[in-house]
Every structure is written in C-alpha cells, then in structure tokens.
Amino acid sequence: MHVSEVLADLLAEQAALDEVLSRLSEGQWALATASPRWDVTDQVAHLTFFDRAAAAAIRDEAAFAESVNALMASSADGAAGVDAHTLSPVRDLPTSQRLEAWRAGRDELAGAAAGLRDDARVQWYGPSMGAKSFLTARLMECWAHGQDIVDAVGADRPATDRLRHIAQLGVITRGWTYANRKLRMPADDVHVSLQSPSGGQWTWGPDDAESSVVGSAEDFCGVVTQRRRLQDTGLSATGEAALDWMMMAQAFAGPPTTGPER
C-alpha cells in the first residue's frame with residue numbers, strides 16, 4: 001500500500017466523523033465522554049491540535065521542534081497544563097466555529113501529507129515514523145477519539161474496512177504494550193483472525209499458534225485503542241498469551257493506561 005492510499009483512507013475517516021459532528025446540537029458539544037475530564041469539544045480540540053502539529057512535522061521540522069518544547073513546558077502544570085495548551089484554542093471558540101477549526105486543521109494536514117513519499121520519515125513525539133505509519137496513527141486517533149464522541153452523543157458511524165489499518169497497528173504493537181510497562185512479553189505467538197466489516201477475514205500470526213484472538217475487527221480495534229474492554233466485546237481470546245495481551249493492549253503512544261471502566 002502506498003502512502004497516498006493511507007492518506008485517502010485518513011481523509012475518508014475524518015469525513016465520516018465530520019458527518020457526526022455536523023449534526024450535533026449546541027448542547028451536545030458539552031456532553032461528557034469516556035475520556036476523563038473531556039467533553040465532546042475537548043475530543044475535537046485534541047484532534048485539531050495534533051492534526052496541525054502533524055502538518056508542521058511534515059513541513060517544518062524546526063517549527064515542530066519548537067511546538068514540542070512548548071508542549072513539554074505546559075506539562076510542568078500536569079494534565080491541566082497540557083489540556084490548557086492543547087485544547088484551549090478550540091475550547092475558547094464559539095460552538096459554531098469549533099467544527100470549522102477542526103476542518104482547517106485537517107486541511108493543513110492533507111495539504112502537507114499530499115507530498116509525502118513512501119520512503120519519507122516524519123519527526124514526532126519520540127522516534128521518527130515512516131510516512132505510512134505516521135498517517136496510520138492519525139487515522140487511528142481520528143477513529144478512536146471519534147468513538148468517544150459517537151458513544152457520548154449516541155450517533156451511528158458504520159464500521160468500514162478502513163479498520164484494517166488500526167487492526168494491523170494493534171497487532172504490531174503487541175510488543176510495545178509490554179515494553180511500555182517494562183514487562184517481558186510472553187514468547188508464545190498469537191494468531192489473530194478478524195472478520196472485516198465487509199465480511200472478509202483478516203489474519204495475522206501462525207495458524208497453529210496455541211493462543212488466538214478471534215472476532216470482529218471493530219471489537220478488536222476497540223480493545224487495542226482502549227475504547228472497549230475485552231469482556232464487553234464478542235472477541236474470543238484463547239490461551240494465556242492472548243488473554244494477557246488483550247487485557248492491557250495499547251496501540252497508541254504515551255504512558256501505560258488501562259482503558260475504560262465499562
């Protein structure tokens with residue numbers, strides 16, 4: 001798959017969330033979401049900030065490095081300081097302008113990403129990332145934070161085969177889940193078999209592995225992005241290695257987190 005194809009799927013995922021947001025009432029922008037402290041506005045503000053940061057990372061490494069320093073400085077005041085730095089630009093807007101702010105950030109990212117080569121690397125908050133992985137991470141963020149919004153407002157956002165990007169990321173970050181917690185990953189392989197939204201089958205890992213994860217791609221993506229608990233899905237995790245992984249799977253960067261309470 002070429003970077004242009006990943007970008008096309010990212011733009012489609014953003015458009016799907018846009019359809020949800022464009023139908024919100026003014027009051028729904030203030031509804032609490034599953035993320036502690038954050039309402040619907042904050043979810044959109046988070047996406048806006050990091051879409052714009054991603055555009056800067058592609059276009060201007062020096063400007064992006066300055067923005068990283070500013071973000072790190074805001075963390076001196078804890079989570080509240082980071083929230084003030086990253087969320088306030090959208091929080092402070094009238095409700096009627098918040099969706100347009102996200103659209104503007106998306107346009108910046110789309111314009112910057114249009115020129116990415118397949119072999120390009122992009123600086124980010126940690127090691128640099130390959131262009132396709134970089135845009136895949138943006139797609140995952142859009143889908144996951146979008147899920148928080150969809151859950152909060154009771155909207156409908158049909159699953160699509162764009163979830164394959166997130167499922168792939170979920171599989172390849174199994175090792176990261178353990179390294180991030182300073183734990184040794186079990187040596188046993190895990191076979192992952194997921195039913196795609198279109199009805200196909202996606203598989204990873206050896207077919208004869210003693211441990212396996214089987215179920216829908218949407219459930220798997222919900223678990224690895226910590227939007228769903230394993231026990232609240234239809235996934236079947238067989239074998240100690242699979243169950244151990246699924247109980248703490250984390251496909252995204254940042255400190256270890258435990259996912260939703262329900």
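Residues are numbered from 1 along each chain as its sequence is written, and side-chain values use heavy atoms, with hydrogens and water left out. Because the model is predicted, local features need pLDDT of at least 70 and side-chain atom pairs count only at pLDDT 80 or more, while totals for chains, interfaces and linings use all residues.

Helices here are DSSP runs of H or I with at least four residues, strands are runs of E with at least two, and both are numbered from the N terminus. Two packed helices are described by the angle between their axes and the distance between the axes. The axes are lines fitted to C-alpha atoms, for helices over the stretch in contact, and angles run from 0 to 180 degrees between N-to-C directions. Angles under 35 degrees count as roughly parallel, over 145 as roughly antiparallel, 65 to 115 as roughly perpendicular and the rest as oblique.

Against α6, helix α2 packs at about 170 degrees with the axes 9 Å apart, so the two are roughly antiparallel. Contact means heavy atoms within 4.5 Å; on the α2 side the residues making it include V40, Q43, V44, L47 and F50, and on the α6 side they include F134, R138, C142, H145 and D148. With α3 (residues 61-74), the angle is about 140 degrees and the axes are 6 Å apart, which makes α2 oblique to α3. F50, A53, A56, A57 and R59 of α2 meet E61, F64 and L71 of α3 there. For α4 (residues 78-91), the angle with α2 is about 110 degrees and the axis distance 8 Å, so this pair is roughly perpendicular. Among the residues in that contact are T41, A45 and F49 of α2, along with H85, L87 and V90 of α4.

Then there is the sheet. Four strands form an open sheet in the order β4-β3-β5-β6, with mixed pairing; two strands pair if DSSP finds at least two bridges between them. The edges are β4 (201-204) and β6 (236-238), each pairing on one side only. On average, neighbouring strands are turned by 10 degrees against each other, direction ignored. Strand β3 (residues 190-195) runs antiparallel to β4 and is joined to it by four bridges, with S193 standing opposite T203 in β4. Helix α7 (residues 163-172) packs on the sheet and touches β3 and β4, its direction making about 20 degrees with that of β4. Helix α9 (residues 217-224) also packs on the sheet, touching β3, β4 and β5 (211-216), and its direction makes about 115 degrees with that of β5.

As for the interior, a nonpolar core is taken as a set of buried Ala, Val, Leu, Ile, Met, Phe, Trp, Tyr and Cys residues joined through side-chain atoms within 4.5 Å. Buried means under 20% relative accessible area, exposed over 50%, and partly exposed in between (1.4 Å probe, protein chains only). The largest core has 54 residues, and those with the most contacts inside it are L135, V192, V213, F220, W245 and M246. Helix α6 (residues 131-153) gives the most to this core, with seven residues. A second, separate core of 14 residues includes L21, V44, L47 and C142. Leaving out residues up to four places away in sequence, F220 touches A167, G170, V171, V192, L194, V213, L235, W245 and M246.

S35 sits in the loop between α1 (3-21) and α2 (40-59) and is buried at 15% relative accessible area. Its side chain makes polar contacts (a pair of N or O atoms within 3.5 Å; within protein, one must be able to donate a hydrogen and the other to accept it, and residues adjacent in sequence count only if both atoms are side-chain atoms). One partner is the side chain of Q43, at 3.1 Å, and another is the side chain of D148, at 3.1 Å. Residues that S35 touches, not counting those up to four places away in sequence, are Q43, D148 and R227.

K182 is not a glycine, yet has a positive phi of about 55 degrees; it lies in the loop between α8 (174-179) and β3 and is exposed at 77% relative accessibility. Q226, also not a glycine, has a positive phi of about 60 degrees. Q226 is found in the loop between α9 and β6 and counts as buried at 10%.
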